[in-house]
Amino acid sequence: MTLDGWFQIALFSAIVVLLTRPVGGFMTRLFSGERTFLSPVLRPLEIGFYRLAGVDEKTEQHWLTYTVAMLVFNLACFASLYALLRLQGLLPFNPQGMTALTPDLALNTAISFTTNTNWQNYGGESTLSYFTQMAGLTVHNFASAATGIALAVALVRGFARRSSKTVGNFWVDLVRCTLYVLLPVSILGALFFVWQGVPQTLGTYTEAYTLEGAKHVIAQWPVASQLAIKMLGTNGGGFFNANSAHPFENPTALSNLVQMVLIFLLGAGLTNFFGRMVGDERQGWAIFTTMGLLFLAGAAVLYWAEAAGNPTLTALGLDPAGGNMEGKEVRFGIVNSALFATVTTDASCGAVNTMHDSLTPLGGLVPMVNMLLGEIIFGGVGAGLYGMLLFVIVAMFVAGLMVGRTPEYVGKKLEAKEVKMTMLALLCLPLVNLGFTAIAAAIPAGVAGVANAGPHGFSEIFYAYTSMSANNGSAFAGLSGNTLWYNLTGAVTMFIGRFAMIVPMMAVAGSLAAKKRLPPSLGTFPTTGPLFVALLIGTILIVGGLTYFPALSVGPVVEHLLMQTGALY
Amino acid sequence: MLKHLRPAIVLTLAFTVLCGLAYPLGITGLAQALFPGEAGGSLIVRNGTVVGSALIGQSFTSDKYFHGRPSATTDTDPADATKTVPAPYNAANSGGSNLGPTSQALVDRVKADAATLRKEHPGPVPADLVTSSASGLDPHITPAAAEFQVARVAKARHSSEDRLRALVAAHTRDRLAGLIGEPTVNVLQLNLALDDLFAQ
């Protein structure tokens with residue numbers, strides 16, 4: 001670990017803190033239906049969308065209507081993407097002549113991009129055409145991100161409104177988010193990335209002849225336009241197999257810094273949006289602080305573990321100052337690889353600039369824990385905020401039990417219905433990730449995909465289901481996921497991880513919206529101070545720890561102990 | 001349910017046109033106009049042929065060149081399409097080794113590479129020279145890894161080591177603003193400069 005390394009972590013954190021208020025302020029105006037500085041350009045387009053779609057932007061929806069609209073939209077997204085993947089060979093912009101995906105791979109990929117997971121059982125440059133990447137995957141990077149944000153906006157309205165039957169209009173939130181937030185930032189981001197060296201071309205792969213005379217085919221695509229939304233929408237599905245480790249998908253340290261900022265940008269901004277909507281920005285900063293502390297703890301452990309390196313390799317005569325460089329790129333080095341791995345798993349992005357499979361055991365433990373806690377550390381766009389607010393409900397419920405008082409949060413009484421729905425939403429994740437891991441580790445079809453033997457092999461399986469249930473999409477990529485077993489169980493896992501959480505969460509939103517807002521009294525537990533942050537962090541760690549400690553012990557923890565003894569598999 | 005079908009289908013199509021076609025094609029047009037070199041893949045052309053991309057590493061095995069990092073990329077086995085064979089620096093199929101920290105295969109590979117390298121230069125081996133990169137296409141090595149190879153290249157080129165050290169120094173890029181990222185040496189650009197230097 002170096003002073004410069006810590007400085008780079010501090011610089012990144014400072015940028016995120018500085019951007020949080022402006023983004024939150026913009027979103028507050030946007031989702032309250034006010035004019036923004038982009039309205040003169042985009043408002044006509046927005047109105048055109050409503051006319052075509054037959055949407056009345058003034059009509060608000062009950063939480064159930066809102067949820068059904070969201071589900072129907074996601075079904076349409078899934079169907080169109082599945083069709084596109086299956087018909088790939090017949091469609092244009094396909095200079096490399098890529099053929100259709102198999103039904104199970106197409107199913108897995110379509111679910112994956114619709115649920116904002118972007119788990120990839122295919123290698124981009126060897127499987128997909130330009131058309132599929134643009135008109136298929138890029139579109140769903142926008143649509144799934146906008147869906148997540150719309151849902152978070154609906155839950156925030158639940159907290160902010162008084163005695164209201166409605167939580168907003170899904171179509172309006174979806175269109176506004178795409179047009180005013182995702183598209184403008186993506187355009188700026190894409191141009192920035194091209195400037196840094198990311199290709200944006202529709203030509204065929206280049207054939208080069210190296211200095212030593214060998215033929216060298218260079219895959220290059222319209223990468224930049226997809227890269228920007230992949231980060232901003234916390235999608236994470238790479239153009240190339242190596243994702244943001246590929247020099248074309250992340251050419252410089254500066255492009256790397258901007259990618260990390262884009263991952264956190266909307267998740268951080270949404271905390272401020274929440275604070276403004278409930279009328280007290282400090283409520284948002286308390287959530288932000290909770291997320292920020294969990295982020296810094298993860299980044300510190302991962303940086304320490306990777307800088308310490310692998311003692312078995314050091315014993316072979318390697319310079320110990322180099323750290324664990326297997327699966328890392330020189331331009332990022334230890335610190336930017338560790339920081340990126342933390343950021344991408346805190347948010348449910350899942351883009352990688354280092355191969356997580358080759359992280360040290362404790363280094364690899366951090367991404368797993370980040371995902372297992374439920375992707376609430378800034379989290380997936382929208383999903384991070386609504387996931388964290390569910391934990392707030394649990395924390396306030398626990399606090400209420402301790403003093404024997406009905407818990408309240410930002411003026412809303414939390415009663416049996418909210419707490420039950422919250423527990424339902426939170427419990428569906430361990431059901432699928434632990435359940436499928438246990439089955440896969442016990443049957444030949446599951447074990448067949450494993451690339452590393454010993455406890456690391458178990459970690460590969462556990463990481464896969466963790467990543468898919470959390471809608472993250474990063475992988476211990478040694479696992480061969482493109483098999484019937486992993487394609488199908490993965491699709492189920494991603495679907496449950498996304499929608500089994502959303503429906504109860506929306507029920508909470510609807511129930512909260514209908515309640516009165518109580519003025520704070522002497523007995524109200526203050527939710528803006530350090531005590532609240534500590535209580536919330538404690539609740540998150542206890543829930544996560546109790547659920548996952550045994551599985552983590554069998555994987556990374558035991559592997560760490562074995563590595564210290566020099567054991568090999 | 002049915003009343004949602006129209007907006008769902010219309011908006012899916014509208015987003016496909018806007019985000020899936022207009023946006024990427026518009027960016028392609030802008031990028032080609034503003035940054036044609038970068039948008040085209042930062043290709044390096046020598047005497048009319050493309051010798052590579054400044055951003056993509058390539059395989060160097062001759063003693064006369066500086067070598068990049070080990071690459072774990074593969075290609076389809078020409079004999080059996082369901083299998084893969086090692087193909088270092090295959091720029092059409094990026095990826096890392098995905099070997100875990102307690103992998104016997106990893107330790108065997110590093111041990112063999114480190115033993116070879118220590119024959120040409122005693123002392124600790126820079127970690128990046130024996131570990132495979134994440135993409136398998138890492139265009140860079142650390143300045144320490146370049147320094148490690150100076151003696152070998154100098155011998156093969158019948159040159160003084162100091163002359164090569166000056167060349168390496170000229171091709172070493174420090175952190176951005178001295179703070180962001182890591183110091184790097186671009187292997188392809190260094191080797192091109194090396195050929196130029198000794199062609200004179």
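In this predicted model, helix α1 (residues 3-31) of chain A and helix α9 (residues 253-277) of chain A have axes that come within 6 Å and cross at roughly 50°, and α1(A) and α9(A) are therefore oblique to each other (angles under 35 degrees count as roughly parallel, over 145 as roughly antiparallel, 65 to 115 as roughly perpendicular and the rest as oblique). Axes are lines fitted to C-alpha atoms, for helices over the stretch in contact, with angles running from 0 to 180 degrees between N-to-C directions; helices (H or I, at least four residues) and strands (E, at least two) are DSSP runs, numbered from the N terminus. The contact of α1(A) with α9(A) comprises 16 nonpolar, 7 polar and 2 charged residues, where Ala, Val, Leu, Ile, Met, Phe, Trp, Tyr, Cys and Pro count as nonpolar, Asp, Glu, Lys and Arg as charged, and the others, Gly among them, as polar.

Residues are numbered from 1 along each chain as its sequence is written, while chains are lettered from A and ligands numbered from 1 in the order in which they are written. As the model is predicted, local features need pLDDT of at least 70 and side-chain atom pairs count only at pLDDT 80 or more, whereas totals for chains, interfaces and linings use all residues.

The contact between the chains takes 104 residues from chain A and 88 residues from chain B, two residues being in contact if their C-beta atoms, placed from the backbone, lie within 7 Å. On the side of chain B that touches chain A, the largest share, 20 residues, comes from α1(B), and the residues of this side divide into 45 nonpolar, 35 polar and 8 charged.

Within chain B, an open sheet of 3 strands has the order β5-β7-β6, with antiparallel pairing (two strands pair if DSSP finds at least two bridges between them). The edge strands are β5 and β6 (172-173) of chain B, each of which pairs on one side only. Strand β7 (residues 184-186) of chain B is joined to β6(B) by 2 bridges, and B:Thr184 in β7(B) is the bridge partner of B:Arg173. Helix α7(B) lies across β5 and β7 of chain B, running at about 55° to β7(B).

Strand β1 (residues 43-46) of chain B pairs with β2(B) in the antiparallel sense over 4 bridges, with B:Ile44 standing opposite B:Gly52 in β2(B). These two strands, β1(B) and β2(B), form a hairpin with 2 residues between them, and B:Asn47 in the turn has a positive phi of about 50°.
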